[in-house]
Amino acid sequence: MLEIKKDCTFVALKKMKKSKQILIFLSLFITTFSCLGQKSEVGINGGASYCLGDINPGKHFIESDYTFGAYYRYNFSRRISFKMSANYAKFHSSDQISKEDLVRNAWFKSNIIDISLRGEINFLPFYIGAKREVITPYLTGGVSMAVPLKVEGGFLDDTYKFNEHGLITPTESLTNNSNVAPSLAIGFGVKVSLSKKLGMHAEWVMNKTFVDWLDGIYYYNNEAFFKRNNILYVCNTANSDWYSMIQIGISYKFETPEKKKCLEHIDNF
């Protein structure tokens with residue numbers, strides 16, 4: 001009888017110990033999730049977009065079009081954040097407006113989806129819901145990718161469209177570039193805390209691509225074409241295309257941060 005009681009007591013203690021472990025695990029999970037929620041934001045943004053390439057190599061904001069999208073931001077600390085975003089952007093330009101090469105008389109229209117992964121460094125300690133630290137400038141940088149939805153245009157009376165084979169004229173393929181445009185992104189902006197759960201930012205980001213077809217103007221080897229039109233080249237092969245977006249965004253923080261609780265572990269460096 002004593003041995004049976006000992007066995008029952010041992011089993012009961014073992015079950016209690018297991019239950020306690022489960023409760024501790026659940027408590028840690030809930031606490032961690034709550035803290036992660038307090039460090040996460042979702043938002044929407046919109047603004048202006050433009051492309052710098054062979055038609056417009058350096059004149060910012062002329063013939064700007066529009067862009068809009070959504071993003072997720074994770075705040076590692078009051079100084080460092082990580083941002084994932086997806087934006088729809090339109091570009092257009094022409095030699096008639098930029099005055100880059102009136103003989104070439106090029107024009108283009110592009111629609112893309114921009115997907116980016118970027119880090120952010122705040123100049124000042126900042127978080128949404130702060131009473132004193134309500135504004136900070138910041139730097140941002142990372143990688144992005146432009147997925148073309150439509151690219152069309154023309155030069156010297158030739159026209160082209162983009163499909164799965166690249167840019168196509170009625171007679172030939174003009175490029176063998178990748179169908180996506182990988183790029184490096186760098187920019188700066190300002191963040192503002194509007195309330196306990198809402199924040200706002202304004203930023204300007206430049207994206208340096210590794211392709212030369214975003215504005216449709218690129219070199220191709222057709223000697224007869226050049227002789228017929230009395231020109232030496234169609235584009236500058238030494239430079240790849242850039243595109244830029246200047247946006248204003250509104251973000252929502254999942255939880256109201258409590259400075260003395262969940263945010264105590266965030267580094268103030």
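## Ground rules

Strands (E, at least two residues) are DSSP runs, numbered from the N terminus. This is a predicted model, so local features need pLDDT of at least 70 and side-chain atom pairs count only at pLDDT 80 or more, while totals for chains, interfaces and linings use all residues. Residues are numbered from 1 along each chain as its sequence is written, and side-chain values use heavy atoms, with hydrogens and water left out.

## The nonpolar patch

E10 (242-253) gives the most to the nonpolar patch, with 3 residues. Strands E1 (40-52) and E9 (198-209) each supply at least two. The patch covers about 770 Å², and its members include Val42, Leu198, Ile250 and Phe254. Patch residues have over 30% relative accessible area and no salt bridge; nonpolar side chains (Val, Leu, Ile, Met, Phe, Trp, Tyr) are joined within 5 Å, like charges within 9 Å. Areas come from the Shrake-Rupley method with a 1.4 Å probe, and for residues only the protein chains shown count as cover.

## The charged network

Glu41, Arg73, Glu120 and Lys191 are linked in a network of salt bridges (a side-chain nitrogen of Lys or Arg within 4 Å of a carboxyl oxygen of Asp or Glu). Glu41 meets Arg73 at 2.9 Å, N to O. Glu41 sits in strand E1 and Arg73 in strand E2 (residues 65-75), so this pair ties together parts 32 residues apart in sequence.

Arg73 also pairs with Glu120 at 2.8 Å, and Glu120 with Lys191 at 2.9 Å. Glu120 and Lys191 are both buried (under 20% relative accessible area; exposed is over 50%, partly exposed in between; 1.4 Å probe, protein chains only).

Definitions and conventions:
Helices (H or I, at least four residues) and strands (E, at least two) are DSSP runs, numbered from the N terminus.
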